[in-house]
Amino acid sequence: MPTATLQRDTVGVASGWQRELADAIRDPDELCRVLGLDPGLAAAARASAGNFSLLVPRAFAARMRPGDARDPLLLQVLPQPAETTDAAGYSADPLGETTALAAPGLVKKYAGRALLLLTGGCAINCRYCFRREFPYAASGATRRGVDEGLAAIAADASITEVILSGGDPLLADDAFLHGLVARLDGIPHLRRLRIHTRLPVVLPSRITSDLVALLGASRLARVVVLHANHPAELDAAVADAVRRLASAPAVVLNQAVLLAGVNDSAAVLGSLSERLVELGVVPYYLHLLDRVRGAAHFDVPDSRALPLHRQLRDSLPGYAVPRLVREVPGEPAKVWMG
Ligand SMILES: *Cc1c(COP(=O)(O)O)cnc(C)c1O
Ligand code: SF4
């Protein structure tokens, strides 16, 4: 998929990235056909997906190895029968976020920072996602809910950083983001704008020159936190998107989730870190899995996670070692492990 050419032609018109998103793979049969996989996997996927259906952009699917049912990118998106078995300790809202809503669409849980949930949508459905059952519509994570979130931010001078989250906040179009950033710029106590997004990785054509320009025009310092779990996710189109983002300028970080069968080896995590650094991205967090219902088969127990992290610390420069963290409901910050 020629993402690199699509992303250059666009100036706002319904274009490149929006067409690519509309054209994303939603049918397990099609994904299995494209990858030359056993159609039985597609039938199992359809039976296991529940309300969280398959969604994967073609540019991301193109980075999977044809014919490999254990491909680490495929495992992140293909529904598995294991999702339908209940596991003790796994729930619909593992972080208790629905109770941390300070206003519709606003999560105020970390000191000085507020999360604004812009949309429930994503360009990819990651099977391990801790918000796979988050009640976005009821939580006010809509464009209308944003108005109330902004009012709550304006009324609370302890908030210095706004984190745009979702779903994926960069699914909002440039005109909407332009208006939003202008309103954030106008709140005097804000100093930083952070964006949590997987789009530069899964739909790199989203990083349009308009987007880079609107970020660059803000008076706020910009931090963009990507989400990639495996070095095979980071191809040349992603490298290009990261370069454009960084030119805003913005500090670019990555968070990964430690996932059984995907990246639970020192070799894979080490090459993920090295590839990120090559792209100019700082490996920021390595999350232990949040215990969301349907994701138990991705869990890597602490007894394996801690030695893995130790191996990274022993073999990589310090700046390339992500912090191993766990989110604990009710804690004011992530818990650093190891
Ligand atoms: C941890 C976390 C934050 C806050 O991140 P820090 O980098 O620790 O400030 C915001 N949003 C989500 C979803 C998080 O998991
Ligand atoms: S991109 Fe992020 S929010 Fe969206 S499904 Fe994947 S992990 Fe969840």
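With which residues is leucine 116 in contact, leaving aside its neighbours within four places in sequence? In this predicted model, local features need pLDDT of at least 70 and side-chain atom pairs count only at pLDDT 80 or more, whereas totals for chains, interfaces and linings use all residues. Residues are numbered from 1 along each chain as its sequence is written, ligands are numbered from 1 in the order in which they are written, and side-chain values use heavy atoms, with hydrogens and water left out.

With those neighbours set aside, leucine 116 is in contact (heavy atoms within 4.5 Å) with Gly105, Leu106, Val146, Gly149, Leu150, Ile153, Val162, Ile163, Leu164, Ser165 and Leu180. Leu31 and Leu116 touch the most other members of the largest nonpolar core, which has 94 residues. A nonpolar core is a set of buried (under 20% relative accessible area, 1.4 Å probe, protein chains only) Ala, Val, Leu, Ile, Met, Phe, Trp, Tyr and Cys residues joined through side-chain atoms within 4.5 Å. At least three residues of this core come from each of domain 1 (16-84) and domain 2 (97-336), the bounds being taken from an automatic or database domain assignment. Another core, of 6 residues, lies apart from it and includes Leu253, Tyr284, Tyr285 and Val325.

The C-alpha centres of domain 1 and domain 2 are 23 Å apart. Their contact takes 25 residues from domain 1 and 33 residues from domain 2.

Ligand 2 is surrounded (a heavy atom of the residue within 4 Å) by Cys122, Ile124, Cys126, Cys129, Arg198 and His227.

Methods: Buried < 20%, exposed > 50% of the residue type's maximum accessible area, 1.4 Å probe, protein only.
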